[in-house]
Amino acid sequence: MAATCCNLTHASPFLNHQLFYFQRYHLVSKRSKCNTSMEKVLHRRFQVQRRDHHYIHVRYAGGAELSSSSSSSIEKNVGEEIQEDISMETLIWRAIKLPIYSVALVPLTVGSAAAYLQTGIFSAKCYFVLLASSILVITWLNLSNDVYDFDTGVDKNKKESVVNLVGSRTGIFIVAYLCLALGFVGLTWAAVEAGNIRSVLFLTCAIFCGYIYQCPPFRLSYQGLGEPLCFAAFGPFATAAFYLVQGSASSVTNHFPLSGTVLSASVLVGFTTSLILFCSHFHQVDGDEEVGKLSPLVRLGTERGAEVVKAAVLSLYALLVAFGLSKALPLTCIFLCALTLPIGNLVIKFVQDNHKDKDKIFMAKYFCVRLHALFGAALAFGLVLARMVNSKLLLQ
């Protein structure tokens, strides 16, 4: 009798899961007949849970003990079944990483806005050439990252890896470096047209940071140095370079100076970009640790990592206030960027609540992308608005 009660106690979570998916399946069916894909996913999960519950029932009926190894095996099979339900469209969307391309847009927009604050002139032609070239460089960064992660085995179970989807490591490698070559040519052409060769040096440093981040023989991301490199590449190097190109393209002087405003803005841009990279490690801790990739979260653990995210977001807004008080940034930037506080709070809360859930925490980097994009847009608009206000005051 005692053994029977014990068996039912251990099996009850599976019964609860079975009832949960059964109810979810029928609820979705009633509410939305057109949502067939969701019905299929829930129905499949229900079938998997029913199969595993039947297996456990047979094991216990024969008086067998459920070992921890068999339990973990069942959970692994369930996870594999659920993973199969991810559609090809979803995998392609994840592989493209379209939201991540905001890291090309934000430094360019903020740098151009800082140049506009100083000169009052904006070159649309220069902006779009730089944007297209930056997108090509980011494409190289993403594709080559997949290639080199494929080589080390860290992406062997990553279905959305471009190499795994296409099935050609060499083809992706060639496309990646073709994008880099075209992107660098475009950036160099824009800099030469603007007459500012210093910007080429800054852009070269930014690309070099991307190279040593992931490419052999350096692979500094495997030593946990990805975040500092990301900060330098997208912050001071890229943002300042775009500022120099735009400022020189619209300035009558041959020597366009770096200002405290653009340097302060570039620090904030680098901060939010690095936060995206940091949060992208949460759901990859086990895979990174398995191949010896010492990402910050492998070293810290997800719980302390969640505290780091909280400290980083709070530091971002503390720096914003400090730059405003020192008059490095105009008050319009401080006010508009402060409006993004709710999304910053959302990032903190989401990571703290879900850092142990590998399925949910996958979305953390996308919440950081939202913060990065909105904060960057507010920063750029604040710089433009400051120029408009100053011009109006001068006219009066």
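In the predicted model, residues 162-189 are 93% helix and 0% strand, with end C-alpha atoms 30 Å apart; helices here are DSSP runs of H or I of at least four residues and strands runs of E of at least two, numbered from the N terminus. Residues 265-283 are 79% helix and 0% strand, and their end C-alpha atoms likewise lie 30 Å apart. Both spans are among those that the unreviewed UniProt entry annotates as "transmembrane region", an annotation that may be inferred rather than shown by experiment. Residues are numbered from 1 along each chain as its sequence is written. Local features need pLDDT of at least 70, side-chain atom pairs count only at pLDDT 80 or more, totals for chains, interfaces and linings use all residues, and side-chain values use heavy atoms, with hydrogens and water left out.

Helix α11 (residues 260-279) and helix α14 (residues 302-325) have axes that come within 11 Å and cross at roughly 170 degrees, the axes being lines fitted to C-alpha atoms over the stretch in contact and the angle running from 0 to 180 degrees between N-to-C directions. The two helices are therefore roughly antiparallel, a term for angles over 145 degrees. Their contact (heavy atoms within 4.5 Å) includes F271 and C279 of α11 and L316 and F323 of α14.

No disulfide, defined as a pair of cysteine sulfur atoms within 2.5 Å, is found in the whole structure. The sulfur of C279 has its closest cysteine sulfur in C368, at 3.4 Å, which is too far for a bond. C279 is buried (under 20% relative accessible area), at 1%, and C368 is also buried, at 1% relative accessibility.

Key. Buried means under 20% relative accessible area, exposed over 50%, partly exposed in between (1.4 Å probe, protein chains only). Angles under 35 degrees count as roughly parallel, over 145 as roughly antiparallel, 65 to 115 as roughly perpendicular and the rest as oblique.
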